[in-house]
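Hello,

Here is the structure we talked about. Please open it first, then read my notes below.

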Amino acid sequence: IGLGNGVGYFIDSTALFLLDFYFTRGFAYGLQEEKRSMQNVITAAEWIAHCLSRFDLDSAETAITTSPLPPPLHDAFTNILQNLHSYKPYLPQSCLQKDDNDKHSSSKSSCSSEGNHSTRSSFLSESMISDLDKRRRTEKKRISYTVSNLLGSHEFVAGNAEAYTSRFTSYITAVVGTVSAHKGVVGVVVGDHVHASFNAVKRCAGHAKSSVEAMVAVRDALVCQCIGVVSGVSSGDAHCGPLGSRELMTFCAIGKTVVAASAMERF
């Protein structure tokens with residue numbers, strides 16, 4: 001009887017131990033899975049934030065759609081993405097088309113891995129902002145500069161405003177698309193004048209040839225729509241870089257090359 005009670009006690013203790021072991025292991029496994037799930041959310045959120053900060057909206061939209069985000073975070077990112085889609089056309093291309101290997105690019109502030117979409121983010125402190133302020137200076141470069149002008153604008157504005165709007169839209173679409181395809185960057189649009197630079201914002205090997213080919217392509221694209229355009233092209237040295245204040249910053253190209261391109265457009 002005593003032996004039977006001892007064996008029974010041993011079996012009961014062993015059973016309780018095994019139950020406690022499996023319960024503890026299951027609880028730990030659950031915590032581990034929750035931790036892994038949370039890490040996946042953090043990694044996805046950091047990658048989406050990285051894409052949004054670089055205005056890579058297509059990658060951000062794909063990540064938002066496919067990532068395991070909680071509903072509130074998903075909705076917040078979706079709203080931000082929609083707002084950026086609205087704002088992006090109004091931002092200067094000099095901000096959106098910088099070289100990935102530019103020494104002042106965002107590679108210093110974030111490091112991404114395409115394999116697992118992980119990114120190491122950092123926020124700008126006051127000391128970093130002060131350091132960036134000191135770097136706002138121009139750099140002498142060999143560039144090509146173009147100035148395009150839509151012909152017949154005054155006549156169209158005085159006549160049919162709707163027809164002019166359609167004509168202007170076709171003109172801007174042709175210039176921006178063609179300049180980008182030839183590795184140039186549209187800097188500013190003043191009235192019906194479009195200024196673009198090659199090898200100023202981002203590297204463009206053979207920028208002189210590319211700038212001429214771009215303007216010829218713009219003319220050929222618009223002539224079939226009965227839209228006239230005249231362009232001036234010049235190559236040479238210019239001082240390029242961001243100028244302004246914290247309230248208003250713009251990328252500038254300054255020098256005789258810019259003046260020459262504007263003069264050639266007028267003549």
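**Helix α3**

Exposed means over 50% relative accessible area, buried means under 20%, and partly exposed is in between (1.4 Å probe, protein chains only). Phe-77, Leu-81 and Leu-84 are the buried ones in α3. Seen down the helix axis, the buried residues fall within an arc of 65°, so they line one face of α3. The arc is that of the directions from the helix axis to the C-beta atoms.

Helix α3 covers residues 71-87, which is 17 residues. From first C-alpha to last it reaches 24 Å, close to the 24 Å expected at 1.5 Å a residue. The expected span is 1.5 Å times one less than the number of residues.

**Before you go on**

This is a predicted model: local features need pLDDT of at least 70, side-chain atom pairs count only at pLDDT 80 or more, and totals for chains, interfaces and linings use all residues. Residues are numbered from 1 along each chain as its sequence is written, and side-chain values use heavy atoms, with hydrogens and water left out.

**The whole chain**

The protein chain has nine helices and seven strands. Both are DSSP runs, numbered from the N terminus: helices are H or I with at least four residues, strands are E with at least two. Of the 267 residues, 30% count as buried. Take the contacts with a separation of 6 or more: residues 24 or more positions apart account for 64% of them. Contact means heavy atoms within 4.5 Å.

**The sheet**

Five strands form an open sheet. Their order is β4-β5-β3-β6-β7, and the pairing is antiparallel. Two strands pair if DSSP finds at least two bridges between them. The edge strands are β4 (184-190) and β7 (249-254), and each pairs on one side only. From one strand to the next, the twist averages 40°. Angles run from 0 to 180 degrees between N-to-C directions, and axes are lines fitted to C-alpha atoms, for helices over the stretch in contact.

How many bridges join β3 to β6? Twelve do, between residues 139-150 and residues 229-244. Glu-139 stands opposite Cys-240 in β6.

Two helices meet this sheet. Helix α7 (residues 161-181) packs on it and touches β3, β4, β5 (193-198) and β6. The direction of α7 makes about 150° with that of β4. Helix α8 (residues 207-223) lies across β3, β5 and β6, at about 130° to β6.

**Aromatic rings**

There are two aromatic pairs. Rings of Phe, Tyr and Trp (its six-membered ring) pair if their centres lie within 6.5 Å; planes under 30 degrees apart count as stacked, over 60 as edge-to-face and the rest as tilted. Phe-168 and Tyr-171 have ring centres 6.1 Å apart and planes at 55°, so this pair is tilted. They sit three residues apart in α7, about one helical turn. Phe-168 is partly exposed at 22%. Tyr-171 is buried at 0%. Ring pairs link Tyr-164, Phe-168 and Tyr-171 into a cluster.

**Loops and the end**

Most residues other than glycine have a negative phi. Lys-183 has a positive one, near 65°. Lys-183 is in the loop between α7 and β4, and is exposed at 52%. Asn-199 also has a positive phi, near 75°. Its loop runs between β5 and α8.

Phe-267 is in the segment after α9 (256-266) and is exposed at 82%.

Best wishes
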